Amino acid sequence: MQPQMLYGIPPAANKIADLSNLYDEIAKDGGVLRLMIDHPEQVKFLEKNEGERQQSRRWSVFVKVDGGQKRAGVPPTSPFFETLVTALLTSPVISIFGFYIHAGNAYASKSFDQASNFLSSEVENVNTAAGIALKLMTEKLNLQPPNQPFILSVGSTPTAHAASSETRARLSSLLHGSLELHAGNYPVLDLQQESTNLIEPSRIAQRVLVTVVSYYPGRGTDGSDEALVDGGAIAFSKDTGPSGDFGRVIGKNWRLGRISQEHGTLTRSGPVGDDSLRLGEVVEIVGQHACLIAAAYPWYYIVDSSVGGGREVVDVWVPWKGW
């Protein structure tokens, strides 16, 4: 299989040189670096870079589509969208690989049906975008349709959960390309995904290990105890979900109730039992937003909890941090 890498945001002008070097490095092993484009000026950045080379290349790009999330991308119904696609189709250094959308608003889903509706909307938007591109090619620009069908890339974690085989089959009919599902943090999950009601808590794989560094009897507003741990906003981010917490302690009625930059405060989340904390104790906390949490660490332990009923480290994964 051909190695492929997607640069996850539209490229800034001052990043083109670095991306160009990465393109060459990946190409040595037959790989492809793919970009997301959502403005004609980004096309000019790439054309300028290629004009300064002895031999120009074609960049493989996704057109970033906005389906109402208002993060990155252009709505396919916008007049500006046709301007963007025309700039891409007529550029000598660009090859449109497909159309990409991410339904960040799908994280508000509370049921399978709601997530399915977001998935349908994602597919409709990228399919509309591809249809516009094909019409421009054949009716206005006198270009041949692509040799390979456009890739219509959809998905956020909730919509990935809603993508049953039946749903995919229904959505794949009458498309202007091939449907691709990118699955967000589907392999890891977090408390936010639990709040969608699409997963069971046992499916959440990420944990952050923190140490209890201090303890405060009776300091809580209801007279309950509190504890201080050595993980704060840098370790967990400041994202909260419906619960209002930053994380949940595994196996104990404690939660990460307040947070500062370098440390967090554990507060009670249930009845007081025999789960008091002691200084030096290491506890496991499931965080609210796995994507931001994962970015904070240079490596992750992969643990098999089925070994002897305990936890055994079976591997260490070191994420690629850039060039």
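Residues are called buried when their relative accessible area is under 20%, exposed when it is over 50%, and partly exposed in between, using a 1.4 Å probe and protein chains only. The structure described here is a predicted model, in which local features need pLDDT of at least 70 and side-chain atom pairs count only at pLDDT 80 or more, while totals for chains, interfaces and linings use all residues. Residues are numbered from 1 along each chain as its sequence is written, and side-chain values use heavy atoms, with hydrogens and water left out.

Nine helices and 14 strands are present; helices (H or I, at least four residues) and strands (E, at least two) are DSSP runs, numbered from the N terminus. Of the 323 residues in the chain, 43% are buried. The chain exposes about 16900 Å², and carbon and sulfur atoms supply 52% of that area; accessible areas come from the Shrake-Rupley method with a 1.4 Å probe, and for residues only the protein chains shown count as cover. Contacts (heavy atoms within 4.5 Å) can also be sorted by sequence distance. Among those between residues at least 6 apart in sequence, 67% join residues at least 24 apart.

In α1, the buried residues are Ile16, Leu19, Ser20, Leu22, Tyr23 and Ile26. They lie on the same side of α1, because they cover an arc of only 165 degrees around the axis; the arc is that of the directions from the helix axis to the C-beta atoms. The buried residues of α1 pack against strands β1 (4–6), β2 (32–37) and β3 (59–64), and also against helix α2 (40–51).

Charged pairs come next. Side chains of opposite charge can pair when their charged atoms come close. A salt bridge is counted when a side-chain nitrogen of Lys or Arg is within 4 Å of a carboxyl oxygen of Asp or Glu, and the structure holds 16 of them. One of these joins the side chains of glutamate 82 and lysine 140, at 2.7 Å from N to O. Glutamate 82 belongs to helix α3 (residues 79–89) and lysine 140 to helix α4, so this pair ties together parts that are 58 residues apart in sequence. Glutamate 82 is partly exposed at 32% relative accessibility, while lysine 140 is exposed, with a relative accessible area of 59%.

Arginine 219 and glutamate 226 also meet through their side chains in a salt bridge, again given as 2.7 Å, N to O. Here arginine 219 is partly exposed, with a relative accessible area of 39%, whereas glutamate 226 is buried at 5%. A salt bridge of 2.7 Å (N to O) likewise links the side chains of arginine 268 and aspartate 275, and both of these residues are buried.

Two loop asparagines are worth a look in the backbone. Most residues other than glycine have a negative phi. Asparagine 142, however, has a positive phi near 55 degrees; this residue is in the loop between α4 (112–140) and β5 (151–154) and is exposed, with a relative accessible area of 70%. Asparagine 197 also has a positive phi, near 70 degrees. Its place is in the loop between α7 (191–195) and β7 (208–216), and asparagine 197 is exposed at 56% relative accessible area.

Leucine 181 is found in β6 (residues 178–181) and counts as partly exposed at 36% relative accessibility. Leaving out residues up to four places away in sequence, leucine 181 touches Val154, Gly155, Ala160 and Ala163. Leucine 181 and leucine 119 are 62 residues apart in sequence, and their C-alpha atoms are 10.0 Å apart in space. Tyrosine 301, in strand β13 (residues 300–304), is exposed, with a relative accessible area of 52%. Together with Trp299 and Val303, Tyr301 makes a nonpolar surface patch of about 340 Å². Patches are made of residues with over 30% relative accessible area and no salt bridge, with like charges joined within 9 Å and nonpolar side chains (Val, Leu, Ile, Met, Phe, Trp, Tyr) within 5 Å.
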